[in-house]
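Work through the exercises below with the sequence and the coordinates at hand. Each task is followed by a solution in steps.

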Amino acid sequence: MRDKLTEFFASRWGIVAAGGLIGLLAALLQKLGNPPNMGICVACFERDIAGALGLHRAGVVQYLRPEIPAFVLGSLLAALSFGEFRPRAGSAPIVRFVLGLFAMIGALAFLGCPWRALLRLAGGDLNAVIGLAGLAAGIAVGVWFLKNGYTLGRSYKARPMVGWIMPLLMATILLLALFKPAFIFASEKGPGSLHAAIGISLLVGLLIGFIAQRTRFCTMGALRDVIMLRDSHLLIGVLALVVVAFGVNLALGQTKFGMSAMPVAHSNHVWNFLGMTLAGLAFALAGGCPGRQLFLSGEGDGDSAVFVLGMIVGAGIAHNFALAGAPDKMVEGVLQVGGPGLNGQIAVIVGLVFCVVLGFALREKMD
Amino acid sequence: MKSIDVRGLSCPEPVIRTRKALQDLPANESLEVLVETVTSRENVKRTVGQLGYRVKVEPIDDGFRLVIDK
């Protein structure tokens, strides 16, 4: 039975089922209270967690999103059930931390990770096309480095406790979300105040974490494998996500087509593109999209856990130093195009330069 | 038999290194690839299948040993 399931999840239909399920659940989460075109957004939700813990004080984006810890714990459950929990660590953790940090800065310049870019597209926000083009460009640069010998080096088998740290940290976040002690910040308005009931977010997160661990669902890997290997296995899962989410959005009246003043989004094309270029390059150099990094950390991968922590700290930095993009605004009927301010633009450029330097500096000759 | 050890490497490096080694391998020879995770095993198997080569898999202490016939 276990082998049959493993075979199914590794198959084309397995990845289609995973993508479709994520698309369905994300659109439903939005209906059930999550912010518009943000049924699931790994970057935004980690940013909200950073805010809830007081790592930044942007009052509108503070909430302990249960989906994030549930992704890790769902993946942990899957890994334990199928004998794939393998504590490991030691592949350039400091580099992965900084890559996580810049990935978050890039994603917040755009206002969303690849998951949200897909969901924004499925909600009719055409800025997502620019963001996804930027993502593909960043991944293409990452592929070039990978083909030329870029590597973060190997990880090593670690003792069990090493693999349990991230699930324990995430379980702690979940407990804080359930018991809401006074030191946890919670938005009273803005996206941080919009959320489905904790139990629903938790269940959906566990289910997605479980399925994604089994199928290796990865939004960055989807584009990378097509660009590098002409392998469309993961891409089909991503397409299933968009198609199903779009269908459910249509059925629920959650679509709004356009580019200007879309929900929690801006139409500053240059920085939508460059923000996601940075995110795509950082994900490619770190070996996984932000969702995949969570799922890997649930399997006991300490290096992916460090990347996730880098993203959370990056969110703190992004909002403390005003790096994140501002949404478009309508002021007295006139559109004010948002996007990152000068600080954010500088940070994105610095991040791109950093990633390119890494790409060259960490090459080694292949056997 | 030529052998490469890609254990512990992040995705997609095991696949890249296997493809490179296969390119450099003379016809009718075999390549041994040591991988660590089930994910790497499946990725390498899928790539090798797409290239049209046969692969045998056996579990080892810390992962899997794949033997690919070119």
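A residue counts as buried under 20% relative accessible area, as exposed over 50%, and as partly exposed in between (1.4 Å probe, protein chains only). The model is predicted, so local features need pLDDT of at least 70 and side-chain atom pairs count only at pLDDT 80 or more, while totals for chains, interfaces and linings use all residues. Residues are numbered from 1 along each chain as its sequence is written, chains are lettered from A and ligands numbered from 1 in the order in which they are written, and side-chain values use heavy atoms, with hydrogens and water left out.

**Exercise 1. Confidence**

Task: State the ipTM and pTM of the model, and find which elements of chain B have the lowest and the highest mean pLDDT.

Solution. 
Step 1. The model scores are ipTM 0.92 and pTM 0.96.
Step 2. pLDDT is the predictor's confidence in each residue, from 0 to 100. Chain B has a mean pLDDT of 93, and 100% of its residues reach 70 or more.
Step 3. Helices (H or I, at least four residues) and strands (E, at least two) are DSSP runs, numbered from the N terminus. Among the elements of chain B, the lowest mean belongs to H2(B), at 92, and the highest to S2(B), at 96.

**Exercise 2. The interface**

Task: Describe the contact of chain A and chain B by residues, by buried area and by polar pairs.

Solution. 
Step 1. With contact taken as heavy atoms within 4.5 Å, chain A contributes 24 residues and chain B 22 residues.
Step 2. Buried area is the accessible area (1.4 Å probe) that two parts lose on being put together, summed over both. For chain A and chain B this comes to about 2100 Å², with 50% of it on carbon and sulfur atoms.
Step 3. A polar contact is a pair of N or O atoms within 3.5 Å; within protein, one must be able to donate a hydrogen and the other to accept it, and residues adjacent in sequence count only if both atoms are side-chain atoms. The interface holds 6 residue pairs of this kind, both residues at pLDDT 80 or more.
Step 4. On the side of chain A that touches chain B, helix H10 (residues 219-229) supplies the largest share, 4 residues.
Step 5. Ala, Val, Leu, Ile, Met, Phe, Trp, Tyr, Cys and Pro count as nonpolar, Asp, Glu, Lys and Arg as charged, and the others, Gly among them, as polar. By these classes, that side of chain A has 7 nonpolar, 5 polar and 12 charged residues.

**Exercise 3. Salt bridges between the chains**

Solution. 
Step 1. A salt bridge is a side-chain nitrogen of Lys or Arg within 4 Å of a carboxyl oxygen of Asp or Glu.
Step 2. Glu36(B) pairs with Arg154(A), the closest N and O atoms being 3.7 Å apart, and with Arg86(A), at 4.0 Å.
Step 3. Glu36(B) is buried at 6% relative accessibility, whereas Arg86(A) is partly exposed at 23%.
Step 4. Arg17(B) and Glu364(A) form another salt bridge, 3.5 Å from N to O.
Step 5. Arg17(B) is buried at 14% relative accessibility; Glu364(A) is partly exposed at 42%.

**Exercise 4. Backbone geometry**

Task: Is Asn37(A) buried or exposed, and is Lys180(A) buried or exposed?

Solution. 
Step 1. Most residues other than glycine have a negative phi, and most peptide bonds are trans.
Step 2. Asn37(A) has a positive phi near 50 degrees and is found in the loop between helix H2 (12-31) and helix H3 (42-52) of chain A. Its relative accessible area is 2%, so Asn37(A) is buried.
Step 3. Lys180(A) has a positive phi near 45 degrees and is found in the loop between helix H8 (160-179) and helix H9 (198-215) of chain A. At 57% relative accessibility, Lys180(A) is exposed.
Step 4. In chain B, a cis peptide bond joins Cys11(B) and Pro12(B), with omega about 0 degrees. Pro12(B) sits in the loop between strand S1 (2-5) and H1 of chain B.
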